Amino acid sequence: MKKLLLSLLIGSALYVTACADGKPTVARTTDLPVLARNFLKKHFSTLAVNQVTVESRFIGKKYEVTLAGGGEIEFDKNGNWTKIDCRRNAMPESAVPGKILQYVKLHYPDYFVSVIEKEDGGYEVEMRDISSGHDIDLVFNGRQEFVRID
């Protein structure tokens, strides 16, 4: 019985390792979860999708979308965005969570959001000054309330 259980455990571990090897594969936009496709349509409809890659992980998949102009958006297995990187360009305001956008407009009117990343319990936002090109990073909690300058 112990040998059978050990064999099943080893076989399962090998199967999981083989399926979740972490090597990205090229996919189509239609392979993205519906939430991700809707997000792209709503906030980035003016930019063409250059490439979609899927990376299998132990706990699901990770999707990365490369847009025309070099921007990248990462989505989790359900299609929720986890990182938006517009490569030093202004992110569409509609893609920035509401309270974060309000804070930025009020306290940093000469800046635009270029990168936003969801992290455990909050958000990290990279902004760029319109005229000088100076960058600043802000941290917000999960309720989109300002925490600190990073």
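Let's begin with a term you'll need: a salt bridge is a side-chain nitrogen of Lys or Arg within 4 Å of a carboxyl oxygen of Asp or Glu. This structure holds nine salt bridges. Before you click on any, know that this is a predicted model, where local features need pLDDT of at least 70 and side-chain atom pairs count only at pLDDT 80 or more, while totals for chains, interfaces and linings use all residues. Residues are numbered from 1 along each chain as its sequence is written, and side-chain values use heavy atoms, with hydrogens and water left out.

**Stop 1: the whole chain**

Switch to cartoon view. You'll find three helices and nine strands; helices (H or I, at least four residues) and strands (E, at least two) are DSSP runs, numbered from the N terminus. Trace the chain along its sequence and the pattern reads α-β-α-β-β-β-β-α-β-β-β-β. Of the 150 residues, 34% count as buried. Here buried means under 20% relative accessible area, exposed means over 50%, and partly exposed is in between (1.4 Å probe, protein chains only).

**Stop 2: salt bridges around Arg87**

Select Glu72 and Arg87. They form a salt bridge, with the closest N and O atoms 2.9 Å apart. This pair links distant parts of the chain: Glu72 sits in strand β4, and Arg87 in the loop between β5 (81-85) and α3, 15 residues apart. Glu72 counts as partly exposed, at 21% relative accessibility, and Arg87 is partly exposed too, with a relative accessible area of 40%.

Is Asp85 buried or exposed? At 18% relative accessibility, Asp85 counts as buried. Through shared partners, salt bridges join Glu72, Asp85 and Arg87 into one network.

For another pair, jump to Arg148 and Asp150, whose side chains meet in a salt bridge (3.8 Å, N to O). Arg148 is partly exposed, with a relative accessible area of 42%.

**Stop 3: helix α3**

Select residues 98-107, which make up helix α3. Which of its residues are buried? They are Ile100, Leu101, Tyr103 and Val104. These four cover an arc of only 160° around the axis, so they lie on the same side of α3; the arc is that of the directions from the helix axis to the C-beta atoms. As background, an α-helix has 3.6 residues a turn, so residues three or four places apart point the same way.

Next, show what these buried residues pack against: β6 (111-119), β7 (122-129), β8 (135-141) and β9 (146-149).

**Stop 4: the largest pocket**

Finally, select Arg57, Ile59, Gly60, Lys61, Lys62, Glu74, Phe75, Asp76, Lys77, Asn78 and Thr82, which line the largest pocket. The elements giving two or more residues to that lining are β3 (60-67) and β4 (72-75), and β3 gives the most, with three. A pocket, on a 1 Å grid over the protein atoms alone, is an open set of points where a 1.4 Å probe fits, with protein on both sides within 12 Å along at least five of seven lines; lining residues have an atom within 4 Å of a point.

How values were computed: Contact means heavy atoms within 4.5 Å.
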